[in-house]
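Reader: I should like to go through this model term by term. Please set each value against the definition on which it rests.

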Amino acid sequence: MAKKAAKKKKGSDDIDDILNSVSSFITSERVRFLLGLVLNFFVIYVGVALISFFFTGGADQSAIENVSIRDLLANRGRIENWAGVRGAYIADLVMNRGFGIPSFFLLFFLGSLGVRLMNLCKMSLIKRFLLCSAMMLWSSLFLSFVLLKGYEDSFIYVGGQHGYYLSDLMIKNLGIPGTILFLIVSFLVIAICTSSKTIPFLQRMFNFNWFANWRKKREKIKKEKEFLASVEDDGDEDPDDFFDEEDEEDDDDDSDEIIQPSKVVPTIQATTSVMTGDDEEIEFTVDVPAGDTAEMYDISSMGEYDPRLDLSSYRFPTLELLKKYDQNDGVVNMDEQADNQRRIKQTLENFGISISSIKATVGPTLTLYEVVPAVGVRISKIRNLEDDIALSLSALGIRIIAPMPGKGTIGIEVPNKDAQIVSMQSVIASRKFIECKYDLPVAMGKMITNDVFIFDLCKAPHLLMAGATGQGKSVGLNAIITSLLYKKHPAELKFVLIDPKMVEFSIYEEIERHYLAKLPDEDKAIITDFTKVVHTLNSLCREMDDRYDLLTKAHVRNIKDYNEKFISRKLNPEKGHKFMPYIVVVIDEFGDLIMTAGKDIEMPIARIAQKARAVGIHMIIATQRPSTNIITGTIKANFPARMAFRVSSMIDSRTILDSPGANQLIGRGDLLFSQGSEVTRVQCAFVDTPEVESIATFIGEQVGYETAFKLPEYVPEGDGDKMPGSVDLSDRDPLFDEAARLIVIQQQGSTSLIQRKFAIGYNRAGRLMDQLEAAGVVGPYEGSKARQVLMDEYSLEQKLTLLKN
């Protein structure tokens with residue numbers, strides 16, 4: 001019995017091996033390429049035969065009808081088709097006995113199949129098959145119905161026997177009107193299923209409002225002609241009288257509200273033109289009343305305001321600018337998965353923990369194993385075995401989620417041995433991102449379920465990022481900016497980029513006239529100097545206050561409602577109203593700014609974080625040192641959205657996320673996103689520097705605005721006395737003159753030199769050096785190098801005399 005079972009098992013194993021061999025042979029790239037090549041050559045051969053049929057079909061018809069292929073081969077000289085005997089037979093079979101001229105749709109699909117097998121391009125074969133089949137059937141019926149008479153006398157059946165049979169059948173059952181209606185409806189169904197632009201086109205075509213608009217326009221032109229005729233008769237007539245008369249005609253019941261000639265009314269200049277009887281166009285300018293509502297002047301014919309009109313030719317970046325990584329997406333290593341499940345179960349059983357079930361969810365870089373413990377097992381026992389499980393799996397590092405929110409399981413996240421790169425191209429091209437309706441959609445990457453992770457920056461409304469050096473923080477910032485560039489028009493979004501490192505955001509200089517904002521007198525839009533950072537942040541505070549004033553006047557609560565009201569022309573631009581774009585402030589290396597400027601940086605950031613959400617100003621702050629002296633309580637309280645890449649310690653993880661976990665990430669773009677109480681693990685999409693450069697070049701080569709978006713001018717209070725680094729030379733140190741002479745004689749701008757020579761402390765020596773810099777004696781701070789001395793002894797004495805006077 002055992003031998004029979006062994007033989008049966010061996011036989012089934014042999015069958016499985018044969019099936020696997022056949023499957024691997026068919027799916028190999030070489031075999032697929034050869035099949036596609038052969039299929040394309042066959043399509044070309046049949047295409048030649050069909051084309052030749054139009055010229056030689058009449059001569060070959062008598063030889064082909066009622067004759068077998070064997071007889072034709074014996075008399076091959078009688079065939080004139082370019083593809084020979086078999087080509088003539090195939091052409092007659094396809095054209096006359098099949099679907100006629102629409103049979104070329106079948107060739108098109110077979111050619112597409114061959115190209116797909118050769119892997120020359122990627123396409124949906126199912127969609128193409130359905131489209132080609134539907135068009136072939138419909139075209140065959142349409143041609144046969146249109147050319148129903150007289151086809152018997154021709155050697156070619158335009159719609160094929162299939163089309164003429166169906167056409168005759170439908171005419172007998174539905175009649176000619178019913179057949180026409182069927183053809184129209186079926187064509188519309190095919191068009192709607194094929195293109196997303198069909199429904200808007202039909203809606204515009206069947207919209208009858210154009211007739212009412214045409215009548216209004218005709219009446220308006222008639223009144224303008226009457227006005228011109230009256231002007232020609234009486235040259236002294238004031239154009240305003242025409243509008244007064246028109247108002248009287250329209251408002252017979254409200255005669256008390258008619259504007260009297262003696263009343264001063266604010267007006268705007270309006271230019272119009274009319275055609276005279278001699279087909280000459282005459283332009284004239286009149287003053288019309290200006291007001292805040294549509295009743296004061298006719299704006300119904302103007303339609304909605306289009307903020308994109310200034311850059312109407314702007315084209316969004318294409319997907320070809322992003323690199324696509326060729327990987328086996330969706331391929332799951334079942335052996336690795338089963339082995340990990342067995343090891344996890346065995347490790348838990350070794351410590352006396354029994355589990356009911358375990359299942360796996362495979363992501364691009366991680367696999368989530370959901371464990372259901374047996375009844376009576378304490379969660380803390382499993383949580384304490386984190387290092388033991390990592391040891392048994394030989395993993396770089398695992399993370400235990402006990403329990404998983406909303407589930408009765410315990411999650412164990414284990415890194416995959418062969419991690420996949422999540423490309424920015426796959427995220428941007430996803431249906432979820434394309435159909436996303438967020439105001440500021442940010443596509444960060446993919447979750448462990450391989451779903452694209454997108455969040456709305458407007459609802460965040462500010463984001464705090466942290467991560468150690470080299471863990472993907474800069475790539476994350478580029479991914480955020482890239483996803484916004486692919487979704488928002490330059491008229492709808494502006495960036496304020498602050499880069500203390502001077503190299504991270506320099507690639508975005510090309511989009512300055514499209515997407516960047518800056519102070520009025522600045523040369524560069526990328527801000528690198530910390531004093532200009534303070535000016536820019538305070539300018540943003542002023543912009544915030546100005547926007548709140550406009551929201552108050554418009555009686556709305558947020559920027560979305562305000563812009564909708566402005567687009568519908570319910571707000572008057574002459575009263576200061578304007579379309580307001582979103583402003584996203586991106587600050588890299590925030591820790592360096594805090595160390596340099598301290599409270600001068602923190603206070604405007606706190607103001608913006610507290611109030612700017614409603615007026616469309618959002619902040620993204622990144623730092624590699626998430627310590628409590630960098631990320632203070634004031635900042636954390638106003639940044640509910642947090643993004644943590646891998647950090648070095650649990651303390652840093654608690655600082656950024658208020659919970660551990662960021663110290664257990666595997667790096668290379670692995671991150672935790674927290675918004676509220678929910679923490680999501682995401683593999684950040686990888687966008688390389690050349691890809692960002694190509695996107696910036698693509699945008700920069702297009703027509704942009706004259707300058708970058710101008711922020712309000714910021715003037716420091718007290719002429720800059722309270723600004724960091726500002727020095728009042730009227731209150732100089734008593735040692736100022738002697739220190740200046742010492743520096744010039746020694747030609748060495750060193751603070752330690754002043755300390756040694758005058759035996760003073762570092763703070764006083766530092767203030768002396770700041771005063772010398774303000775007076776132009778030495779240059780700016782250059783790190784570990786000594787400052788450059790800018791004066792000689794003669795120039796110094798002149799400067800000192802001038803300061804004393």
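Author: Helices (H or I, at least four residues) and strands (E, at least two) are DSSP runs, numbered from the N terminus. By that rule the chain has 28 helices and 17 strands. This is a predicted model, in which local features need pLDDT of at least 70 and side-chain atom pairs count only at pLDDT 80 or more, while totals for chains, interfaces and linings use all residues. Residues are numbered from 1 along each chain as its sequence is written, and side-chain values use heavy atoms, with hydrogens and water left out.

Reader: What is the mean pLDDT of the chain, and where is confidence lowest and highest?

Author: pLDDT is the predictor's confidence in each residue, from 0 to 100. The chain has a mean of 79, and 79% of its residues reach 70 or more. Confidence is lowest in helix 10 (residues 239-250), with a mean of 44, and highest in strand 12 (residues 582-587), at 95. Over residues 235-298 the pLDDT is below 50, and this stretch has 73 contacts in the model beyond near neighbours in sequence; contact means heavy atoms within 4.5 Å. Where pLDDT is low, the predicted coordinates should not be read in detail.

Reader: Why is Met643 called buried?

Author: Buried means under 20% relative accessible area, exposed over 50%, and partly exposed in between (1.4 Å probe, protein chains only). Met643 has a relative accessible area of 0%, and is therefore buried. The residue is found in strand 14 (residues 641-644). Leaving aside neighbours within four places in sequence, Met643 is in contact with residues including Met444, Phe455, Leu463, Ile656 and Phe673. Between Met643 and Ser674, 31 residues apart in sequence, the C-alpha to C-alpha distance is 6.3 Å.

Reader: What makes Phe55 exposed?

Author: The relative accessible area of Phe55 is 61%, so this residue counts as exposed. Phe55 is found in helix 2 (residues 29-64). Its C-alpha atom is separated by 9.3 Å from that of Glu80, 25 residues apart along the chain. Of the 805 residues of the chain, 42% count as buried.

Reader: What makes a set of residues a nonpolar core, and which members of the largest one touch the most others?

Author: A nonpolar core is a set of buried Ala, Val, Leu, Ile, Met, Phe, Trp, Tyr and Cys residues joined through side-chain atoms within 4.5 Å. The largest has 111 residues, of which Phe495, Leu537, Ile587 and Ile601 touch the most other members. Helix 18 (residues 530-554) gives the most to this core, with nine residues. Not counting residues up to four places away in sequence, Ile587 touches Ile498, Leu537, Leu593, Ile605, Met619, Ile620, Ile621 and Ala622. Apart from this core lies another, of 22 residues, among them Leu729 and Ala775.

Reader: How many cavities of 30 Å³ or more are there, and what lines the largest?

Author: On a 1 Å grid over the protein atoms alone, a cavity is a set of points where a 1.4 Å probe fits but cannot get out, and lining residues have an atom within 4 Å of a point. Grid points are joined across faces, edges and corners, and a volume is the space filled by probe spheres set on the points. The count comes to one cavity of 30 Å³ or more, and about 60 Å³ of space lies in the largest cavity. Its lining includes Pro364, Lys446, Asp670 and Arg681. Strand 16 supplies the largest share of this lining, three residues.

Conventions
1 Å grid on protein atoms, 1.4 Å probe; cavity = no way out; pocket = protein on both sides within 12 Å on 5 of 7 lines; lining within 4 Å.
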